Amino acid sequence: MGESLFSSTEGRLLGIGLALAGLLLLAFGIGWQLFPDRVLSYAAMTGLNLIIGRAAGMSFGYASGFGHAQVIPLNMLVETIQVLVVYPLFALSWRQLIKLPALQPFVTRMYRAAEFRGGAVQNFGIAGLFVFVFAPLWMTGPVVGAIIGFLIGLRPWVNLAVVLVATYFAIGVWGLLLNELNTWAIT
């Protein structure tokens with residue numbers, strides 16, 4: 001199983017995603033020893049992004065006094081890790097290369113969300129996927145976008161390139177907007 005899992009593109013992407021997640025946790029652990037107050041804010045920003053979404057994580061970062069140089073790269077990293085872990089897990093489960101019963105409800109839920117939103121994306125191909133990921137609407141974003149890209153048959157690297165570029169543009173726009181709102185709220 002291990003050989004066939006990591007011999008696929010999605011298996012290698014999963015390995016990269018898990019390695020990045022491990023490095024982020026290691027950085028938080030080291031930072032906790034050196035700068036506990038700052039790392040707690042970074043961890044909270046990361047957790048909010050993962051649990052509630054990009055806007056919550058980034059808003060917290062700006063409200064905590066971080067600038068673009070801290071908020072934008074960390075949120076890019078968090079969303080990259082999300083895509084590099086969840087998308088391969090979905091694809092590998094879909095292809096029956098991994099069989100985790102606990103993962104099945106999640107795979108089904110992601111499939112339904114992608115199926116529900118994927119029709120318009122499929123009509124417009126790569127441009128539709130870019131807009132889907134970029135748009136700040138409910139159940140849009142990089143993870144569902146990557147799954148839609150998979151379901152419409154995009155090659156993994158094309159899929160990831162489109163999804164991550166759209167995600168980074170969206171984070172940049174959100175960063176400008178939220179920083180302005182934070183500055184306005186402070187005054």
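Colleague: What should I know before we start?

Modeller: This is a predicted model, so local features need pLDDT of at least 70 and side-chain atom pairs count only at pLDDT 80 or more, while totals for chains, interfaces and linings use all residues. Residues are numbered from 1 along each chain as its sequence is written, and side-chain values use heavy atoms, with hydrogens and water left out.

Colleague: Great. At what angle do the axes of H3 and H4 cross?

Modeller: Roughly 160°, and the axes come within 6 Å. H3 covers residues 36-51 and H4 covers residues 54-63. Helices here are DSSP runs of H or I with at least four residues (strands are E, at least two), numbered from the N terminus. The axes are lines fitted to C-alpha atoms, for helices over the stretch in contact, and angles run from 0 to 180 degrees between N-to-C directions.

Colleague: Are H3 and H4 roughly parallel or antiparallel?

Modeller: H3 and H4 are roughly antiparallel to each other. On this scale, under 35 degrees is roughly parallel, over 145 roughly antiparallel, 65 to 115 roughly perpendicular and the rest oblique.

Colleague: Which residues make the contact?

Modeller: From H3 there are Ser 41, Ala 44, Met 45, Leu 48 and Asn 49, and from H4 there are Arg 54, Ala 56, Gly 57, Phe 60 and Gly 61. Contact means heavy atoms within 4.5 Å. By class, the H3 contact with H4 has five nonpolar, four polar and one charged residues. For those classes, Ala, Val, Leu, Ile, Met, Phe, Trp, Tyr, Cys and Pro are nonpolar, Asp, Glu, Lys and Arg are charged, and the others, Gly among them, are polar.

Colleague: Now H4 and H5: how do their axes cross?

Modeller: They cross at roughly 155° and come within 9 Å, so H4 and H5 are roughly antiparallel to each other. On the H4 side Arg 54, Gly 57, Met 58, Gly 61 and Tyr 62 take part, meeting His 68, Val 71, Ile 72, Asn 75 and Glu 79 of H5. That contact of H4 with H5 has four nonpolar, four polar and two charged residues.

Colleague: Switching topic, how many salt bridges does the structure hold?

Modeller: Two. A salt bridge here is a side-chain nitrogen of Lys or Arg within 4 Å of a carboxyl oxygen of Asp or Glu.

Colleague: Which residue forms a salt bridge with Arg 54?

Modeller: Glu 79 does, with the closest N and O atoms 2.6 Å apart. The pair links distant parts of the chain, with Glu 79 in helix H5 and Arg 54 in helix H4, 25 residues apart.

Colleague: Is Glu 79 buried or exposed?

Modeller: Glu 79 counts as buried at 3% relative accessibility, and Arg 54 is buried too, with a relative accessible area of 13%. Buried means under 20% relative accessible area, exposed means over 50%, and partly exposed is in between (1.4 Å probe, protein chains only).

Colleague: And what does Arg 95 pair with?

Modeller: The side chain of Arg 95 meets that of Glu 10 in a salt bridge, at 2.7 Å from N to O. Arg 95 sits in the loop between helix H5 (68-94) and helix H6 (104-134), while Glu 10 is in helix H2 (residues 9-34), 85 residues apart. Arg 95 is partly exposed, with a relative accessible area of 41%, whereas Glu 10 is buried at 3%.

Colleague: What about Val 85, which residues is it in contact with?

Modeller: Leaving aside neighbours within four places in sequence, Val 85 is in contact with Leu 14, Gly 17 and Leu 18. Val 85 is also in helix H5, and is buried at 17% relative accessible area.

Colleague: Last one: where does Gly 153 lie?

Modeller: Gly 153 lies in the loop between helix H7 (142-151) and helix H8 (156-186). At 56% relative accessibility, Gly 153 counts as exposed.
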